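Here is a short briefing on one protein model and its annotated sites. Please keep the sequence and structure open while reading.

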Amino acid sequence: MSRKNLIAGNWKMNNTVAEAVVLAQEISNRIERDWLELVDVAVCPPYVDLKPVKSVFEFDRVDIAVGAQNVYWEPKGAFTGEISIAMIDNIGCTYCIVGHSERRNLFGETNEDVNLKARALVEADITPIICVGESLSVRDAGTYLDFVTAQVRAAYAGMDEADAAKTVIAYEPVWAIGTGRTATPEQAEEVCAAIRATASELFGAEVAEGLRVLYGGSMNEGNAALLLGEADIDGGLIGGAALKADSFIQIVKEAC
Ligand SMILES: O=C[C@H](O)COP(=O)(O)O
C-alpha cells in the first residue's frame, strides 16, 4: 500500500498571533498548490494562534491543515488551563499532537495520559499524532527498540483496528530534538520499521501497512530527502525548521 507523506510543523511555544499570521501567509503564498495533491501538510501552532492561522488558509483556499499541540480528554468542566477536544474541533483542527517528549519530560505526561488523549481524539475523528522516542541514555543502553515499542503499545491500549487506522505515530528520538543531531536515515528507519511491526502484531498487516509513521528530530531541508526516502518513514514532524517558511516549504517539496 502506498502511503501519502505527511509533513507537520510543530511551532511549539513560538509566535504571537501577529507573527503566526505572517508565517501562515508566507507558507500559503509560497507553497505550490499541486504539491498538496502529493503530500499532506499541517501546521500545529499554539492554541491562541489556531483560529487566525486556520482563517489564513481558509481565506486563501489552500489545503493546509491545522493541528493542536496538546489537548485534555475530559469533555468540559473545572479543569483550569486545559483545552477540550470539542474546542479544537470547533475551530477546525484536523490533527492533535499527543505525548510529545517535551510534554512527557517537562510536564509529567504519562503513557496513560497519552492513551486517554489519543483514544478521545480518535473518538472525535481528530487524528492524534502520537509521539514516541527514547532518551540518549536509553539509546546508549541499546534498549531503544523495546522502549519505543512499549510506548506504542501503551498508546494503543484499548484501541481496535478501526481506531488505530485513524492514528499517526511520530518517532522522535529525544537526543535529536532541537539539537541539530539528526538520526541517520538507517537509525530512523530501524525504529520506524519496528513501530510498524508492532502495529502489525497488534492490529494486523493491513492496518500496519496503512499507518503513517513520521520521523522528527532536527529534520531540515538538507536531510529531509534521505530520511523520507526510507521505506517506513512517511513524513516528518518538524520543529525549528517549521518556523521558517523557506525551510518548511523545501521540506514539503522533498516529501512530494
Ligand atoms: O515536534 C517536533 C520535534 O520536537 C522536532 O523538533 P526539531 O525539528 O526542532 O528538532
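Predicted model: local features only at pLDDT ≥ 70, side-chain atom pairs only at ≥ 80, totals over all residues.

Residues are numbered from 1 along each chain as its sequence is written. UniProt positions follow the numbering used here, with feature names shortened, and annotations may be inferred rather than shown by experiment. Helices (H or I, at least four residues) and strands (E, at least two) are DSSP runs, numbered from the N terminus.

**Binding site**

- The unreviewed UniProt entry annotates Asn10, Trp11, Lys12, Gly178, Ser218, Gly239 and Gly240 as "binding site". These residues span 231 positions in sequence, yet no two of their C-alpha atoms are more than 13.8 Å apart, so they gather at one spot.
- Tryptophan 11 sits in the loop between β1 (5-10) and α1 (17-30). Tryptophan 11 is buried, with 22 other C-beta atoms within 10 Å. (Buried means 20 or more other C-beta atoms within 10 Å of the residue's own, exposed means 12 or fewer, and partly exposed is in between; C-beta atoms are placed from the backbone.)
- Beyond four places in sequence, tryptophan 11 touches Val43, Cys44, Pro45, Pro46, Ala242 and Leu243. (Contact means C-beta atoms, placed from the backbone, within 7 Å.)
- Glycine 240 lies in the loop between β8 (235-238) and α12 (245-254). Glycine 240 is partly exposed, with 19 other C-beta atoms within 10 Å.

**Ligand shell**

- The ligand is surrounded by 14 residues, and the closest are Asn10, Ile177, Gly216, Gly239 and Gly240. (A residue is near a molecule or strand if its C-beta atom, placed from the backbone, lies within 6 Å of it.)
- The shell holds five nonpolar, eight polar and one charged residue. (Ala, Val, Leu, Ile, Met, Phe, Trp, Tyr, Cys and Pro count as nonpolar, Asp, Glu, Lys and Arg as charged, and the others, Gly among them, as polar.)

**Active site**

- UniProt, again in an unreviewed entry, places "active site" at His100 and Glu172.
- Histidine 100 lies in the loop between β4 (95-98) and α4 (101-107). Histidine 100 is buried, with 28 other C-beta atoms within 10 Å. Outside four places in sequence, histidine 100 touches Gln69 and Cys131.
- Glutamate 172 is buried, with 30 other C-beta atoms within 10 Å. Leaving aside neighbours within four places, its contacts are Ser101, Cys131, Gly133, Ile177, Gly216, Gly217 and Leu237.

- β1 and β8 run parallel, joined by four bridges. (Strands pair if DSSP finds at least two bridges between them.) Glycine 9 has isoleucine 238 of β8 as its bridge partner.
- β8 is covered on both faces: Gly235 and Leu237 are buried on one side, Gly236 and Ile238 on the other.
- The buried residues of α12 are packed against β1, α1, β2 (39-44), α11 (224-228) and β8.

**Core**

- The largest nonpolar core has 76 residues, of which Ile129, Ile130, Ile169 and Tyr171 touch the most other members. (Such a core is a set of buried Ala, Val, Leu, Ile, Met, Phe, Trp, Tyr and Cys residues joined through C-beta atoms within 7 Å.)
- Helix α9 (residues 185-203) gives the most to this core, with six residues.

Note on methods
Contact = placed C-beta atoms within 7 Å.
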